Amino acid sequence: MDKGRDKEATTECFQQNFLRNSTRCTSSLALLLVTLLYVFHLNQAKMAAPNITRITADVNFWARYRYPDPENYIPLDEQQVQAFYRLQNYPQPAGPAPQGAAPEYHELGPGQPLDRPLARDDNIVRRAFLDRNPMPQMQGDLMQTPLWQGKKFLGEGFSARVGLWEYSDPDPYADVPGGFRQIAVKELKTTLRNPYAYDLRGEADILTKLRQSGSPHIVHLLHNPGPVEAHEILPPGRWDNVVRRIFLEYCSLGSLHDLLQRRIKLAVPFSELTIWRLFDCLLDGISVLDYGNELVPDGVTNEFYIPQLRSEKEIVHFDLKPANILLADKRSIHPVHPLCKISDFGHASEIGQPQWERLEQRPQEWLDYYESKRKWGTEGYFAPEQFTERWDYDDWRQLRPDVDIAGVYQSTNIWGVGCIMYQLITMSRRPPNHRDPFVPQYNLRGRPALGITYGTDLPAYELQYSKLLLDLVQECLYELPSNRPSISELKENVVFGSETALSANPDTEPWVDFLPAEPVPSFNPIPPGGPTQAQKTARRQAQRAGRKRAREDEAQQVQPKRRRRIAIRQRCRYLYDDDTQCKRIFKTTVEGMDIYCTEHRG
């Protein structure tokens with residue numbers, strides 16, 4: 001009996017201790033759970049603060065972009081944005097359709113002589129960029145590196161510079177590595193804080209895909225790029241595996257922007273035939289972006305079709321403007337006008353057709369995907385699918401292609417072509433005013449307008465250009481992407497308009513009207529009384545130095561290859577104040593290539 005009582009007492013004591021410990025354990029778990037929930041909500045609040053700050057900044061940026069008077073726009077604060085941002089559906093505008101401003105014809109005024117560029121750019125930063133030799137990546141024979149010389153600074157943006165390099169072999173019949181004597185080199189600036197954000201690998205990948213089409217209307221990538229090389233002196237860690245430099249074909253006639261600026265200054269508008277043919281060039285270029293190939297005509301129906309549809313996603317350029325359309329002298333293809341080439345694919349992206357099922361399943365992921373591309377491009381050239389206010393409402397995407405605007409990028413390339421053609425027709429330095437939407441009260445190609453469009457000044461040019469040309473450009477600028485014509489529809493009408501213009505006026509513009517201005521010689525101009533003694537001496541010295549350099553180059557060419565692989569003779573490239581070059585010749589190795597002698601190296 002005593003043993004049984006002891007056993008019962010022991011069991012009761014164990015149960016009490018278990019319950020007491022269980023209560024303590026449960027309290028500890030509850031406390032831990034409450035603490036975790038508090039930390040989670042605190043982190044969520046910390047994350048929401050910068051998120052609403054970013055949203056408020058974006059809402060104000062686009063509201064100011066659309067506001068008729070941006071200088072007097074009053075920005076919203078975070079509380080005002082939180083009160084309406086994507087909490088309600090888009091209210092359809094009531095009242096009559098917007099009429100827009102009255103069409104205005106822009107008089108060019110008297111022409112002025114062109115400003116001739118300098119043959120030699122004395123800017124220190126640009127000269128340093130051209131004096132560096134980035135060409136070892138371009139060729140297998142490193143001994144020929146000194147033959148590549150930086151000749152001309154072509155331009156720069158926020159992240160990169162572009163320059164022209166020429167192969168200066170004295171023998172005009174010598175084989176050139178890669179087959180090109182002139183190459184445009186695009187290089188990222190070393191001052192970038194985050195080089196990965198501007199890596200040229202994406203642009204090179206898109207150019208590599210477009211190169212497969214063989215289209216002459218896309219600028220060609222001449223060499224497969226590689227990451228930053230070890231010998232380049234750059235901040236360690238920041239440039240690892242970054243493609244800093246790509247090699248592109250050089251277009252000697254500059255850009256369409258340069259041509260437009262020259263025509264505006266000379267007060268020489270484009271003829272209708274030239275407008276049609278440049279229009280045709282641009283359509284061939286964007287057809288490669290959309291379909292992977294240029295459209296070809298059907299011999300029976302005269303309709304244009306795609307010879308071979310690319311299976312990948314279509315490429316949206318996002319930055320089509322006159323400055324990104326290069327002009328090449330390819331008279332074997334276009335004998336009477338320059339060949340247009342689409343360039344600068346830094347903002348380009350591959351975007352497929354909207355998949356509504358995936359959008360319904362993961363709306364936030366797709367919202368971020370489309371919204372991340374809103375600011376891709378140049379301010380002033382943004383398409384309505386980027387700057388529309390419908391992004392601020394809950395029903396920004398209604399899953400209806402005939403109604404949706406926000407994020408519908410499938411016709412953005414056509415909008416870009418419309419902006420370019422608008423500038424060529426109106427001889428304007430700016431694209432159509434995005435703050436002045438209107439519904440045309442006149443027919444476009446024989447039918448009522450389908451909705452809101454842009455470019456109120458186009459009707460003022462009916463006496464100068466045909467109604468078909470103006471209507472096609474007006475339709476390219478529709479606000480609703482589904483209202484814009486397709487590339488094949490545009491192509492058929494452009495070919496018809498070009499043939500009509502040619503039959504009406506077969507005279508073409510002289511080729512000289514497409515050429516850039518001749519540069520000013522680098523030496524001082526001759527005064528009215530004749531050259532001074534100092535100018536004569538400098539000219540004789542320059543001629544003597546040129547002959548000597550030619551003899552030295554010849555001597556280097558006949559040296560045995562075994563000796564050239566060990567060391568090469570290099571002439572100092574230092575220029576004195578009178579533009580004469582240092583005469584010192586020194587030996588250097590390919591691995592440690594120097595361009596200055598020991599006297600000027602410091």
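I take two strands as paired if DSSP finds at least two bridges between them. Helices (H or I, at least four residues) and strands (E, at least two) are DSSP runs, which I number from the N terminus.

**Entry 1. Basis and overall content**

I worked on a predicted model, in which local features need pLDDT of at least 70, side-chain atom pairs count only at pLDDT 80 or more, and totals for chains, interfaces and linings use all residues. Residues are numbered from 1 along each chain as its sequence is written, and side-chain values use heavy atoms, with hydrogens and water left out.

I recorded 14 helices and 12 strands for the protein chain. Of its 602 residues, 41% are buried; buried means under 20% relative accessible area, exposed over 50%, and partly exposed in between (1.4 Å probe, protein chains only). I took contact to mean heavy atoms within 4.5 Å. Among contacts with a separation of 6 or more, 68% are between residues 24 or more positions apart.

**Entry 2. The sheet β1 to β4**

I looked up the strand order and found an open sheet of 4 strands, β1-β2-β3-β4, with antiparallel pairing. The edges are β1 (148–156) and β4 (245–249); each has a single partner strand, so one side of each lacks a neighbour in the sheet. Direction ignored, neighbouring strands are turned by 30° against each other on average.

I then went through the pairs in order. A hairpin of 3 residues connects β1 to β2, and 7 bridges join these antiparallel strands. F153 stands opposite G163 of β2. Between β2 and β3, also antiparallel, I noted 7 bridges; V162 has K186 in β3 as its bridge partner. Strand β3 (residues 182–188) runs antiparallel to β4 and is joined to β4 by 5 bridges. There, I183 has E249 of β4 as its bridge partner.

I also checked burial in β2: 6 of its 8 residues are buried.

**Entry 3. Helix α3 on the sheet**

I found helix α3 (residues 124–131) lying across β1, β2 (160–167) and β3, at about 50° to β2. For such angles, axes are lines fitted to C-alpha atoms, for helices over the stretch in contact, and the values run from 0 to 180 degrees between N-to-C directions. In α3, I listed R127, F129, L130 and D131 as buried. The cover over the buried residues of α3 includes β1, β2 and β3.

**Entry 4. Helix α6 with α12**

I next examined α6 and helix α12 (residues 487–504), which pack at an angle of about 160° with their axes 9 Å apart. That angle makes α6 roughly antiparallel to α12; angles under 35 degrees count as roughly parallel, over 145 as roughly antiparallel, 65 to 115 as roughly perpendicular and the rest as oblique. The crossing of α6 and α12 is left-handed, meaning that the near helix is turned anticlockwise from the far one by less than a right angle, whereas clockwise would be right-handed.

From α6, the contact residues include E272, W276, R277 and D280, and from α12 they include I487, K491, V494 and S498. I classed the residues of this contact as 12 nonpolar, 4 polar and 6 charged. For these classes, Ala, Val, Leu, Ile, Met, Phe, Trp, Tyr, Cys and Pro count as nonpolar, Asp, Glu, Lys and Arg as charged, and the others, Gly among them, as polar.

I found helix α6 (residues 272–291) packing with α11 at about 35°, with their axes 11 Å apart. The crossing is left-handed. E272, I275, W276 and F279 of α6 make the contact with L468, L469, L472, V473 and C476 of α11. By class, I recorded 8 nonpolar, no polar and 1 charged residues.

Helix α10 (residues 412–426) packs with helix α11 (residues 467–476) at about 140°, with their axes 8 Å apart. That makes α10 oblique to α11, and their crossing is left-handed. I listed I414, W415, G418, M421, Y422 and I425 of α10 against L469, L470, V473 and C476 of α11. The residues of this contact divide into 9 nonpolar, 1 polar and no charged.

**Entry 5. H337**

I located H337 in the loop between β8 (325–328) and β9 (339–342). H337 counts as buried because its relative accessibility is 5%. Leaving aside neighbours within four places in sequence, I found H337 in contact with R277, L278, C281, W511 and F514.
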